[in-house]
Amino acid sequence: MKREDIAPPYTAVTQHEVFPQPKHDEVARFNFLANFNRFMATALGPGNKRAYDNRVLPKFITEHGREPQDRFEIRKAMNQDPWHQLWSALKRNSMEMRQQNGRALVLRQIDKLKAKTEELNRESDRLELDSSVRIPRYQAAVDIHCMPGSYHGEEVKNDISAAANYDCGIFATTAGGIGALSDGGGQALVKWIHQQRPGWMPKRILDIGVTVGHNIVPLALAFPDTEIVAIDVAAPVLRYGHARAQALGAKNIRFIQSNAEDLSRWADGYFDWVQTTMFLHETSGTALPKIINEGYRVLSDGGLMFHLEQPAYTDAMPLYEQFIRDWDAFNNNEPFWSSMHAIDLYAVMVGAGFDREKLFEAHVKAVVDRSVFPATADEGETEDHGRAAAWHAFGAWK
Ligand SMILES: C[S@@+](CC[C@H](N)C(=O)[O-])C[C@H]1O[C@@H](n2cnc3c(N)ncnc32)[C@H](O)[C@@H]1O
């Protein structure tokens, strides 16, 4: 086995003050799952393409007299293939096991976690909850990526369990690819902006769909004099996210319960940076343009809109790749995933008011701490053997 096939151990996770404390068996399960995910990606995953090339495609051509015309035809055909069925069932199961392990770990210490969170949130004017905010249907209709109760579900009063579960399991799901604090995307953003606009000091940043703040805390620490507003519809993630930010020393973020489809509490041009990270694919075809339009309105002239996402399915992307990337939509409770990746997001940005010439795209690779993927002396500081996560980023300057 090559070194890059092995996931980093769960002991590499940074356990901040509100992080759920895992016991030996829980750590062992996360270690198994991280390596299982890695094994499925590197050893079993390529078998899907072989099944397609050697069995499924020739059979399809014989039956239809042509190649598949879209990713949906490939999915229908692949769903009959025994290798793909096995791989798919294992992948779905690994997600369910990850949720069960994280959920059980959190619930057995819920009182302690709640008390710690409440202590860090007490008398703070930077946490604003609003029980009148309704959970949009696209969030409430399914348990997003198999998380029991999604981000907003509450088992006990002032619950934070959904958030603590999200925080403690993401390292296993990503096999360490986003770092010890799962903030590799945010750290990459800091690096990106320092390269793009050296010395720029944004006055106000809006982060939409903050969840527990994995990717906004690095920005808050990099720009300590910037006022950061982080919004989300789900109260549990905001309670936990605020406490986590305090624990990590980020004191300039206001966590506000609010729906991004309506940002009317903020005046036109109020922010000079509006962003989302791994968020848009969990909205809907109606909500997404509303959010971009509202984001444009509250952005100042010369300000930056930035989105970190998975790549769109362009005509240049092979249909097989579109099919395999679509897996989450049909098997991992990500209902908008497939249609979002087929939307021309640049057209949505132009529709909101941005000049086409001011649009940009970038490829962003997670900054992953050396403690997660230790490098030998001759490998240099950034060696991760291809294990760090990579995203497609796009945006515009107004
Ligand atoms: C995939 S998570 C985002 C991850 C997060 N930005 C990060 O980088 O770690 C999606 C989040 O968006 C929130 N959300 C979904 N729709 C929303 C909306 N219309 N307005 C505000 N938050 C929303 C969900 O509650 C959830 O916490």
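The model is predicted, and local features need pLDDT of at least 70, side-chain atom pairs count only at pLDDT 80 or more, and totals for chains, interfaces and linings use all residues. Residues are numbered from 1 along each chain as its sequence is written, and side-chain values use heavy atoms, with hydrogens and water left out.

Helices (H or I, at least four residues) and strands (E, at least two) are DSSP runs, numbered from the N terminus. H2 comprises residues 46–64, and its 19 residues should span 27 Å at 1.5 Å a residue; the expected span is 1.5 Å times one less than the number of residues. The end C-alpha atoms of H2 are 25 Å apart, which agrees. Buried residues (under 20% relative accessible area, with exposed over 50% and partly exposed in between; 1.4 Å probe, protein chains only) in H2 are Gly47, Asn48, Ala51, Tyr52, Val56, Leu57 and Phe60. Their cover includes H1, helix H3 (71–78), H4 and helix H12 (319–325), with contact meaning heavy atoms within 4.5 Å. Just after H2, Gly65 has a positive phi of about 70°.

Helix H7 (residues 161–173) has 13 residues, which should span 18 Å at 1.5 Å a residue; its end C-alpha atoms are 18 Å apart, in agreement. H7 bends by about 25° at Asp167. Twelve of the 13 residues of H7 are buried, so this helix is largely enclosed by the rest of the structure. Among the buried residues are Asn165, Tyr166, Asp167, Cys168 and Phe171. Helices H1 (24–44), H4 (82–107), H5 and H10 (235–247) are included in what covers the buried residues of H7. Ala175 follows H7 and has a positive phi, near 50°.

Asp167 and Phe171 also line the largest cavity, together with Val13, Thr14, His16, Phe19, Gly179, Ala180, Leu181 and Ser182. A cavity is a set of points, on a 1 Å grid over the protein atoms alone, where a 1.4 Å probe fits but cannot get out; lining residues have an atom within 4 Å of a point. Grid points are joined across faces, edges and corners, and a volume is the space filled by probe spheres set on the points. One cavity of 30 Å³ or more was counted, and the largest cavity has a volume of about 40 Å³.

Asn121 belongs to helix H5 (residues 110–121) and is buried, with a relative accessible area of 12%. A polar atom of the Asn121 side chain lies 3.0 Å from the backbone oxygen of Arg239. Apart from neighbours within four places in sequence, Asn121 contacts Leu127, Arg239, His242 and Ala243.

Lys365, in strand S7 (residues 359–365), is partly exposed, with a relative accessible area of 44%. The C-alpha atoms of Lys365 and Ala188 are separated by 6.5 Å, although these residues are 177 residues apart along the chain.

Key:
Polar contact = N/O pair within 3.5 Å; in protein donor to acceptor, adjacent residues only side chain to side chain. Bend = angle between axes of the 7 residues up to and from the residue. 1 Å grid on protein atoms, 1.4 Å probe; cavity = no way out; pocket = protein on both sides within 12 Å on 5 of 7 lines; lining within 4 Å.
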